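Here is a short report for a first look at a protein model. Keep the sequence and the 3D view at hand while reading.

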Amino acid sequence: MQTIYAMHQSGSDDLSKQEKFLKASLDNILDLYLILLSSLVELRKKEEAYLELAKNKHLATKEERNPNTRFIHNPVLLALEKNASLQNALATNHIHNWQHNDDTIIYMLQDVKNSTLYQKYMAKPAVTFEDERYFVTDLFTEVIAPNEKLYAYLEDFKLTWVDDIPVVNTLIQKQLRHFVTEEFCVPKIFKDEEDADFALDLLRKTILNESLFGSEFENKTPNWDTERIAELDTIMLKMAICEFLKFPSIPVKVTINEYLELAKEYSTPKSSIFINGILDNLVKEYQISGKMKKAGRGLL
């Protein structure tokens, strides 16, 4: 949707350029995941370095000589740091963000240590592995994911990540919640080749058939001036119609629900109602005419 919108705004008709942009945006999601997950590792390492410096000060206090090391010895954080899958992915994708810019890590570490969550965790007389895992999960969810300094850094680094951050945060939260040292691995961006091809296929088929798909709803908006319909709404309608007519394996309900959610997130307050009405009428028309061919059970 965003790629097609950008294409319209630029006035470009270079499909290959848009395909490259979309593919790069999808591939970059892995970089975002690695940067966010590795922030946990860097926070632990930064605190360990601070404790070591404080311990070796000429006039170190008793507390500095014998610090509470629970955080830097957290088994989940240590396991992430040593995890071969994560380390290989960081190296392969050349993720060195925190080594080149540790200001954000320093600021976040201050926020971590000032949090009630951290203070309660450090004050517990004893902790189990489950406690350690819950702490790391809650730390990411409550302190790191919503951190304004981290968000600002990511937004400045790559603007296209803004819409990907919630998705990646949710994935990391799920992984941490069910973290098992021996089983943890960096996930693939796509589950299979078909999944990887879907976005490019949808982009191509929508762009190459825009006029055709636009004519499908042109006379079905009696209370709406076609030229005044929000551009994002027309793009979403064309993409949904593309899925109806060009993707026989995608259930109708899935298509409608997906585009209603997109409309709620990105378009005007009334867009989801408008889009739902148009798509509902089109589905009924297609079912009567037999124009929409869906393969498999339960796809209508």
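Which residues line the second largest pocket? The answer comes first, and the other spaces follow. The model is a predicted one.

## The second largest pocket

The lining of the second largest pocket consists of Glu47, Tyr50, Leu51, Ala54, Glu63, Glu64, Asn66, Pro67, Asn68, Lys113, Tyr118 and Met122. The volume of this pocket is about 270 Å³.

Three helices each supply at least two residues of that lining: α2, α3 (62–65) and α8 (116–123). The largest share, 4 residues, comes from α2. By class, the lining divides into 6 nonpolar, 2 polar and 4 charged residues.

## The largest pocket

The largest pocket has a volume of about 1900 Å³. Its lining counts 49 residues. Nearest its centre lie Leu26, Ile29, Asp164, Phe198 and Ala199. Two or more lining residues come from each of α1 (2–10), α2 (15–55), α11 (165–177), α12 (193–208), α14 (231–246) and α15 (252–266).

Which element gives the largest share of this lining? It is α12, with 10 residues. Sorted by class, the lining of the largest pocket has 29 nonpolar, 6 polar and 14 charged residues.

## The cavity

How many cavities of 30 Å³ or more does a search of the whole structure find? The search finds 1. About 30 Å³ of space lies in the largest cavity. Around that space sit Leu36, Ala145, Leu150, Tyr151, Leu154, Ile165 and Asn169.

Two or more of these lining residues come from α10 (148–157), and two or more from α11. The element that gives the most is α10, with 3 residues. The lining of the largest cavity has 6 nonpolar residues, 1 polar residue and no charged residues.

## Helix α1 and its buried face

Thr3, Ile4 and Met7 are buried in α1. Seen down the helix axis, the buried residues of α1 fall within an arc of 100 degrees, so they line one face of the helix. An α-helix has 3.6 residues a turn, so residues three or four places apart point the same way.

What covers the buried residues of α1? The cover includes α2, α12, α13 (210–217) and α14. Just after α1 comes Gly11, with a positive phi of about 75 degrees.

## Helix α4 and its buried side

Helix α4 spans residues 75–82, and Val76, Leu77, Ala79 and Leu80 are buried in it. Around the axis these residues cover an arc of only 160 degrees, which puts them on the same side of α4.

Among the elements that cover the buried residues of α4 are α2, α5, α9 (129–144) and α11.

Glu19 lies in helix α2. Is Glu19 buried or exposed? Its relative accessibility is 18%. The cut-off for buried is under 20%. Glu19 therefore counts as buried.

Which residues is Glu19 in contact with, leaving aside its neighbours within four places in sequence? They are Leu200, Leu203 and Arg204.

## A loop residue with positive phi

His94 sits in the loop between α5 (84–92) and α6 (97–100). Phi of His94 is near 55 degrees. That is a positive value in a residue other than glycine.

Is His94 buried or exposed? With a relative accessible area of 60%, His94 is exposed.

## Cysteines

How many disulfides does the structure hold? The number is 0. Cys185 is partly exposed, at a relative accessible area of 43%. Cys242 is buried, at a relative accessible area of 0%.

## Looking back

The largest pocket has a volume of about 1900 Å³, the second largest pocket has about 270 Å³, and the largest cavity holds about 30 Å³. Helix α2 gives residues to the lining of the largest pocket and to that of the second largest pocket. Helix α2 is also among the elements that cover the buried residues of α1 and those of α4. Helix α11 contributes to the lining of the largest pocket and of the largest cavity.

How values were computed. Residues are numbered from 1 along each chain as its sequence is written. This is a predicted model: local features need pLDDT of at least 70, side-chain atom pairs count only at pLDDT 80 or more; totals for chains, interfaces and linings use all residues. Side-chain values use heavy atoms; hydrogens and water are left out. On a 1 Å grid over the protein atoms alone, a cavity is a set of points where a 1.4 Å probe fits but cannot get out, and a pocket is an open set with protein on both sides within 12 Å along at least five of seven lines; lining residues have an atom within 4 Å of a point. Grid points are joined across faces, edges and corners, and a volume is the space filled by probe spheres set on the points. Ala, Val, Leu, Ile, Met, Phe, Trp, Tyr, Cys and Pro count as nonpolar, Asp, Glu, Lys and Arg as charged, and the others, Gly among them, as polar. Buried means under 20% relative accessible area, exposed over 50%, partly exposed in between (1.4 Å probe, protein chains only). The arc is that of the directions from the helix axis to the C-beta atoms. Contact means heavy atoms within 4.5 Å. A disulfide is a pair of cysteine sulfur atoms within 2.5 Å.
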